[in-house]
Amino acid sequence: MATRCRAAASSKESHTKSDSWKGALAKGNSLGRNALRTQRRGGAPSALERVRQAARRNSKQRFTALLHHVCDIERLRAAYFALKRNAAPGVDGETWRHYGQTLEDNLRGLSERLKRGAYRAKPVRRAYIPKADGRQRPLGVPALEDKIVQRAVVEVLNAIYETDFLGFSYGFRPGRSPHQALDALSVGITTKKVNWVLDADIRGFFDTLDHGWLVKFVEHRVADRRVVRLIQKWLSAGVLEDGRRTTSEVGTVQGGSVSPLLANLYLHHVFDLWVRRWRKTQARGDVVVVRFADDFVVGFEHREEAERFLVELRERLGTFGLALHPDKTRLLPFGRKAARDWRDRVGPKPGTFNFLGFTHACGKTRKGWFTVLRQTMRQRLQAKLVALKEELRQRRHRPIPEQGVYLRSVVAGHVRYFGVPNNGPSIGLFRRAVGRLWWRSLKRRSQADNLPWQRMDKYIQRWLPLARICHPWPSQRLASATQGKSRMR
């Protein structure tokens, strides 16, 4: 009897300690992991899932303990394996393969430095890539460890900010793509009363983003000073070019994993929330908005509202150190009514605008219904062919099968992106142009012209994939992706 009483008392004391520990845990910060050892349906949600649920429940909650999610060895390891194997090294010369030779030791050391606050961000190495208009786009190549930590931070912060970002924001977000933005824009123009389109681009956005405002926007949700300091370290690390390090109080270098998230966060507060409020309180007619990074398109039913929006938008952006690009910002007639007025000769001719590599124009279906035609931008097509001509010159004396494999990947990649409905002629033109460039390159391998077109045509049929439409109609994909919920709200 005494033994039974002692066992009961011990069990009661154990439950009391357990309840006390749970109460302390509920008042403080949650542990890094709470999953059960065995996987089953009743398992507890992951650590980041709990953060996501808390962010969804309370849109004003500030998170005070996030660094332990970043320092998690498994998260750092996953970030390492998510990096490109053959990416260019940063200023320290560290490569993915060399770092992986002692991966566990390196990750443990990185985790400890993050916990102690001893982690130091290195300046990014400046690199340039050609743009479609012939200019050079400056990019930054971060050091390998900076890439790892940035990816881990982005994964943690996405759990918070993905619950805040609005539906019409598509750029560099998990589960969203440029084609979804294109489909949302096409469906919005065809289903809403859109008669005017504002095609806008922010001038030098990544170079003029204000660090002070950005940190304030981060602190709206993140109260963990250690995570905020990590972001400040990357912003102030500077750029190393020709042996000189330069720093600035504005701008974020393109190329890092954290830059797209910071850009979306900045524009979420500067543009998205303001546009949503303006649409609810100022607009009388329909307004459609689609934004992809710093490039956005807004459709209006009434011209006077579009003009007023443009004036107020310039003021809004100026408050935060931004400005619209004068050459890439236009207000033009576009839509079903604009096409009908032009056909009846009572209105101006509908314009065209470029968005995400496509030129958008007013058109008709075979049954005579209004539709938005999307064709490959001429500048993009020509720039790609010019770059391909130079690449073929470099590969001219390589074996034909090797060249064929390379050109197959080029044509297939082009078709996968530009193969949208009604764009068949453009992608077919690109395939034929590639075949012609390849023929001319092979004919220059020797002075004797011994490659007739009949044989070349067999090479083209063998190696270049057919130009086929590989994307569904916008309304079909958008309906499947949203399941009845608007992606333009």
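Visitor: Does R284 count as buried or exposed?

Guide: R284 counts as exposed, because its relative accessibility is 63% and the cut-off for exposed is over 50%. Keep in mind that this is a predicted model.

Visitor: How should I read a salt bridge, and which residue does R284 pair with?

Guide: The general idea is that side chains of opposite charge can pair when their charged atoms come close. Here R284 forms a salt bridge with E304, and the closest N and O atoms are 3.4 Å apart. This pair links distant parts of the chain, with R284 in the loop between α12 and β6 and E304 in helix α13, 20 residues apart. E304 is partly exposed, at a relative accessible area of 42%.

Visitor: Which residue forms a salt bridge with E145, and how far apart are the closest N and O atoms?

Guide: The partner of E145 is R113, with 3.0 Å between the closest N and O atoms. That pair also links distant parts of the chain: E145 sits in helix α7 (residues 144-161) and R113 in helix α6 (residues 103-116), 32 residues apart. E145 counts as buried, with 13% relative accessibility, whereas R113 counts as partly exposed at 25%.

Visitor: Where do E49 and R52 lie?

Guide: Both are in helix α2 (residues 47-57), three residues apart, which is about one turn of the helix. E49 and R52 form a salt bridge whose closest N and O atoms are 2.6 Å apart. E49 counts as partly exposed at 24% relative accessibility, and R52 counts as partly exposed at 25%.

Visitor: How many salt bridges does a search of the whole structure find?

Guide: The search finds 21. Salt bridges can also form a network, as they do in linking D183, R374 and R477.

Visitor: Which residues gather in a patch of positive charge on the surface?

Guide: R336, R340, R343 and K364 make up that patch. Helix α14 (residues 336-343) gives the most to it, with three residues. R343 has its place in helix α14 and is partly exposed, with a relative accessible area of 47%.

Visitor: Now the aromatic side chains. What describes a pair of aromatic rings?

Guide: Two values describe it: the distance of the centres and the angle of the planes. A search of the whole structure finds 23 aromatic pairs. One of them is F217 with F320, where the ring centres are 6.0 Å apart and the planes stand at 50°, so the pair is tilted. F217 lies in helix α10 (residues 211-219) and F320 in the loop between α13 (303-319) and β8 (330-333), so the pair ties together parts that are 103 residues apart in sequence. F217 and F320 are both buried.

Visitor: What is the angle between the planes for W278 and F309?

Guide: The angle is 80°, with 5.1 Å centre to centre, and this aromatic pair is edge-to-face. It links distant parts of the chain, W278 in helix α12 (residues 259-281) and F309 in helix α13, 31 residues apart. W278 is buried, with a relative accessible area of 3%, and F309 is buried, with 1%.

Visitor: Which residues do ring pairs link into a cluster?

Guide: The cluster holds F205, F206, W213, F217, Y266 and F320.

Visitor: How do I read a positive phi?

Guide: Most residues other than glycine have a negative phi. A293 is not a glycine, yet its phi is positive, about 60°. A293 has its place in the loop between β6 (287-292) and β7 (295-300), and it counts as buried at 11% relative accessibility. N422, also a residue other than glycine, has a positive phi near 75°. N422 lies in the loop between α16 (400-418) and α17 (424-443) and counts as partly exposed at 36% relative accessibility.

Visitor: How many residues apart along the chain are R330 and L198?

Guide: They are 132 residues apart along the chain, while their C-alpha atoms are separated by 5.8 Å. R330 lies in strand β8 and counts as partly exposed, with 37% relative accessibility. Another case is L381 and L429, which are 48 residues apart in sequence and 9.5 Å apart in space, C-alpha to C-alpha. L381 is found in helix α15 (residues 378-394) and is buried, with a relative accessible area of 12%.

Definitions and conventions:
Residues are numbered from 1 along each chain as its sequence is written. This is a predicted model: local features need pLDDT of at least 70, side-chain atom pairs count only at pLDDT 80 or more; totals for chains, interfaces and linings use all residues. Side-chain values use heavy atoms; hydrogens and water are left out. Patches are made of residues with over 30% relative accessible area and no salt bridge: like charges are joined within 9 Å, nonpolar side chains (Val, Leu, Ile, Met, Phe, Trp, Tyr) within 5 Å. Accessible areas come from the Shrake-Rupley method with a 1.4 Å probe; for residues, only the protein chains shown count as cover. A salt bridge is a side-chain nitrogen of Lys or Arg within 4 Å of a carboxyl oxygen of Asp or Glu. Lys and Arg count as positive and Asp and Glu as negative; His and the chain ends are not counted. The place of a charge is taken as NZ of Lys, CZ of Arg, CG of Asp or CD of Glu. Helices (H or I, at least four residues) and strands (E, at least two) are DSSP runs, numbered from the N terminus. Buried means under 20% relative accessible area, exposed over 50%, partly exposed in between (1.4 Å probe, protein chains only). Rings of Phe, Tyr and Trp (its six-membered ring) pair if their centres lie within 6.5 Å; planes under 30 degrees apart count as stacked, over 60 as edge-to-face and the rest as tilted.
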